[in-house]
Amino acid sequence: MKILVTGGAGFIGSNFIRYIFNTYQDYSIVNLDKLTYAGNLENLKEIEEQDSSCKKRYTFIKGDITDSKLVDSIIEKDVEAVINFAAESHVDRSIDNSRIFVETNVLGTQVLLDAALKHGLNRFIQISTDEVYGSLGPDGKFSETTPLSPNSPYSASKAGADLLTRSYFETFGLPALITRCSNNYGPYQFPEKLIPFFITNAMTDQQLPLYGDGQNVRDWIFVEDHCSAIDMVLHHGKPGTIYNIGGDCEKTNAEITKTILQELSKPESLITYVKDRPGHDRRYAIDCTKITRDLGWSRKYVFKTGIKETVKWYNENQSWWNKIKTGEYQDFYKRWYEDRNKQE
Ligand code: NAD
Ligand code: DAU
């Protein structure tokens, strides 16, 4: 099978390419990625190396998913399935400036859907997020029928893409499926997201800025478990269906922070409570009964093991994140954290 993975140079996309490349020896993978600040070809260095000594199963194309001519020319070359990871993915950045989120996440998905339809693809998988459901109170979980209620420009753009994907199934019969996963963590995550940001700050004795009271809850899943779930959906999912994916692991941000500090033997005095994220969703929790029951998926990692592996990876790959943390992406961060550090 030949698959097109978009956004494959990012965190989850690169882990997914590695997973598929190593699991299916006869699959070929095309990776279309714009290489934004979050895209990094170093994430796939060993795949490039392995591939050059074998059958050329992996191809990288630098480009934008909103470029319909380019997308069309890639898909027409025998691609059988598209897995769309490409996105602007960081909530804080969407609060700073939402335009690119609409362009990539909504328009880009529409371009891919059109090309998939034109060339009669067997599968279109839209990689979405639990954030489209909004925020929960102290009880309950998101199921696939929970109404969409996105609160950030990021989640609103992802919800828009989900609705477009659904409409291509309903209107045109495109065999499209949607996955909605909770918070991922693991190797190669860009150090702007909570876990890698705090691990790398703690390693360098910098402050860990916890938003608000630190009691917001997220459900955490190790990235490899997300990849195995997408594998199941790709091969066995029913067209027109939404699948929730989660780690059955609810934790407050304060709990996550303390675990990271313990793993690194660093003091809790590194924690600083800063001004809250605007529109900050209080709690996410995922009911993933459907994918477990219908496709037989289950997660492999518990948080204790996953976080140890993750801390170890950032410890052993300091040159990977040092380059990023001293690069131009800092401009956004200086502004953002200057503002967050101003206590109300
Ligand atoms: P990421 O920011 O690490 O990677 C995104 C990738 O998309 C980058 O390589 C970037 O260069 C590429 N990209 C951005 N705009 C593009 C464009 N216009 N054309 C082509 N490529 C483009 O993101 P991630 O955390 O790996 O998330 C991947 C997907 O999974 C996203 O769709 C996100 O919404 C979804 N998701 C993420 C999480 C999470 O916890 N990280 C959880 C659930 C769902
Ligand atoms: O739930 C899935 C979503 O998870 C994905 O769709 C998004 O792409 C991904 O970025 C992630 O969104 P979050 O906003 O939950 O992730 P983030 O790592 O930015 O923040 C996690 C929690 O930690 C959130 O409650 C905000 C808080 N936080 C985050 C940062 C970066 C802090 O307290 N301090 C910080 O510096």
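Reply: Strand E5 contributes the most to the shell around ligand 1, namely three residues. This is a predicted model. E5 spans 123-129, and it is one of four elements that each supply at least two residues of that shell; the others are helix H1 (11-23), helix H6 (153-172) and strand E7 (183-185).

In total, 28 residues surround ligand 1. The closest are Ile12, Asp33, Ser89, Tyr154 and Lys158. Sorted by class, the shell holds 12 nonpolar, 12 polar and four charged residues.

Ile12 takes part through its backbone: a polar backbone atom of Ile12 is 2.8 Å from an oxygen atom of ligand 1. Asp33 takes part through its side chain, where an N or O atom lies 2.6 Å from an oxygen atom of ligand 1. For Tyr154, a polar side-chain atom is 2.6 Å from an oxygen atom of the ligand. On its own, ligand 1 has 830 Å² of accessible area, and the protein covers 96% of that.

Now the protein around this site. The protein contains 13 helices and 12 strands. Its C-alpha atoms fill a box of roughly 55 × 45 × 40 Å along the principal axes. The radius of gyration is 19 Å, which agrees with a compact globule, because a globule of 344 residues would have a value near 20 Å. Of the 344 residues, 56% count as buried. The protein exposes about 14,400 Å², and carbon and sulfur atoms supply 49% of that area. Among contacts with a separation of 6 or more, 84% are between residues 24 or more positions apart.

The loop in question runs between helix H9 (253-263) and strand E12 (271-274). Leu264 has 15% relative accessibility and therefore counts as buried, the cut-off being under 20%. Apart from neighbours within four places in sequence, Leu264 is in contact with Ile199, Ala202, Met203 and Val311. The C-alpha atoms of Leu264 and Lys312 are 9.6 Å apart, although 48 residues separate the two along the chain.

Key:
Residues numbered from 1 in each chain as written. Chains lettered and ligands numbered in written order. Predicted model: local features only at pLDDT ≥ 70, side-chain atom pairs only at ≥ 80, totals over all residues. Heavy atoms only, no water. Near = heavy atom within 4 Å. Polar contact = N/O pair within 3.5 Å; in protein donor to acceptor, adjacent residues only side chain to side chain. Areas by Shrake-Rupley, 256 points an atom, 1.4 Å probe, with all protein chains shown as cover. Nonpolar A, V, L, I, M, F, W, Y, C, P; charged D, E, K, R; others polar. Rg over C-alpha atoms; globule rule 2.2 N^0.38 Å. Buried < 20%, exposed > 50% of the residue type's maximum accessible area, 1.4 Å probe, protein only. Contact = heavy atoms within 4.5 Å.
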